[in-house]
Amino acid sequence: MSLILFAFVVRVRDGLPLSASTDFLHNKELQERKQQLKVISKSLSSLPERGTVKGHELNIHFLSSEGVSYMTVCACSLPAATAFCFLEDLRWEFTTCFDNSAVALASRPYPFLEFDSAIQKLQQHYNQKGGPSLEVTLAEVQEDLRTSPPQVLTIEHMTLTNGAANGHVEQTAASGQSQRLEPVSAPGILSLVLNIMCAALNLIRGTHLIEYTFQDDYDGLWNVVSFLLAFLCCVCQKKLKSFTLLTLIILCNAFLFGLRNIWQLGFHMSVACLSTLLTLHRKLLDRNMDCGV
């Protein structure tokens, strides 16, 4: 069984993918780790030069140097020193082929895809030999890790760091889940259509009434206000404000008694009540955090 399953090279400043190895495995955890690599790559500018994200069967290791980060997904049984030795060799191979200016000028994802062959060759060597060809290289890495061990990180920390860097952290790192509302049901769609209808009727009646109000010394000004306020309440219904908006809609329609008959008032109030009921009963849908980019 291969111990080094995937390698990934990215630019540190913006997480732009530069090159990656090709894998033909359909291991579920490997696919999850590959998605997590993309999350980590967005936070590299605020992370230490070396780090490890531990998993159930697979670990992620990364090494950043001179604006480029070298990342790999390895089996947990692979010693950390061997993994970082692989990353050091990968760094040496990459810097031999591409200089800093080429990396800085890259504008599209995977501009150095031809480097894949070099990654595959190095990966195959490690998987067959179990380590680097020179023992002194491994010994140096082991000593370096002893003096300054890589920081052990969590994917939740990566997500939080990435969100903070972009100015929008919507959940705590400990939650590990993101929340969305349930899909809109058929009654919800009906309620939306009826709300739009009521809002349009209120806007049309209010707009037409404005002309007559200006001609009649503003006697019907409050009727105009009631129509327009009812219109705003129809289009602005939200969960935290549902009861307030429902109350305003009922009061506005009650004030308009005379301009509307009892059936019209009942229709508008019933639609408002239905919308409020469905809004309050629409639940949050918990799902596992999607680490993909």
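## The lining of the largest cavity

Ser65, Glu66, Val68, Tyr70, Phe94, Thr95, Phe98, Asp99, Asn100 and Val103 line the largest cavity. Here a cavity is a set of points, on a 1 Å grid over the protein atoms alone, where a 1.4 Å probe fits but cannot get out, and lining residues have an atom within 4 Å of a point. This is a predicted model, where local features need pLDDT of at least 70 and side-chain atom pairs count only at pLDDT 80 or more, while totals for chains, interfaces and linings use all residues. Residues are numbered from 1 along each chain as its sequence is written, and side-chain values use heavy atoms, with hydrogens and water left out.

Which elements each supply at least two residues of this lining? They are β5, α2 (80–97) and α3. Helices (H or I, at least four residues) and strands (E, at least two) are DSSP runs, numbered from the N terminus. Sorted by class, the lining has five nonpolar, three polar and two charged residues. Nonpolar covers Ala, Val, Leu, Ile, Met, Phe, Trp, Tyr, Cys and Pro; charged covers Asp, Glu, Lys and Arg; the others, Gly among them, are polar.

## How much space is inside

Rolling a probe the size of a water molecule over the atoms shows where empty space is left.

## The chain as a whole

Zoom out, and the protein chain comes to ten helices and eight strands. Of its 293 residues, 40% count as buried. Buried means under 20% relative accessible area, exposed means over 50%, and partly exposed is in between (1.4 Å probe, protein chains only).

The chain exposes about 16800 Å², with carbon and sulfur atoms supplying 60% of that area. Accessible areas come from the Shrake-Rupley method with a 1.4 Å probe, and for residues only the protein chains shown count as cover. Now for contacts, meaning heavy atoms within 4.5 Å: among those with a separation of 6 or more, 67% are between residues 24 or more positions apart.

## Two residues with positive phi

Most residues other than glycine have a negative phi. Glu66, one of the cavity-lining residues, has a phi near 55°, a positive value. You'll find Glu66 in the loop between β4 (58–65) and β5 (68–75), and it counts as exposed because its relative accessibility is 56%.

Tyr110 also isn't a glycine, and its phi is positive too, at about 55°. Tyr110 sits in the loop between α3 (100–105) and α4 (116–129). Is Tyr110 buried or partly exposed? With a relative accessible area of 29%, Tyr110 is partly exposed.

Helix α1 covers residues 28–41, which makes 14 residues, and reaches 20 Å from its first C-alpha to its last, close to the 20 Å expected at 1.5 Å a residue. The expected span is 1.5 Å times one less than the number of residues. The buried residues of α1 include Leu30, Lys34 and Leu37.

Helix α2 has 18 residues and should span 26 Å, which agrees with the 26 Å between its end C-alpha atoms.

Phe6 lies in strand β1 (residues 4–11) and is buried, with a relative accessible area of 6%. Leaving aside neighbours within four places in sequence, Phe6 is in contact with residues including Leu30, Lys34 and Leu37, which are buried residues of α1. The C-alpha atoms of Phe6 and Ile119 are separated by 9.2 Å, although these residues are 113 residues apart along the chain.

Cys76 is in the loop between β5 and α2 and counts as partly exposed because its relative accessibility is 33%. What does Cys76 contact, leaving aside its neighbours within four places in sequence? The answer is Gly55, His56, Glu57, Leu58 and Asn59. Cys76 and Asn59 are 17 residues apart in sequence and 5.7 Å apart in space, C-alpha to C-alpha.

Methods: On a 1 Å grid over the protein atoms alone, a cavity is a set of points where a 1.4 Å probe fits but cannot get out, and a pocket is an open set with protein on both sides within 12 Å along at least five of seven lines; lining residues have an atom within 4 Å of a point.
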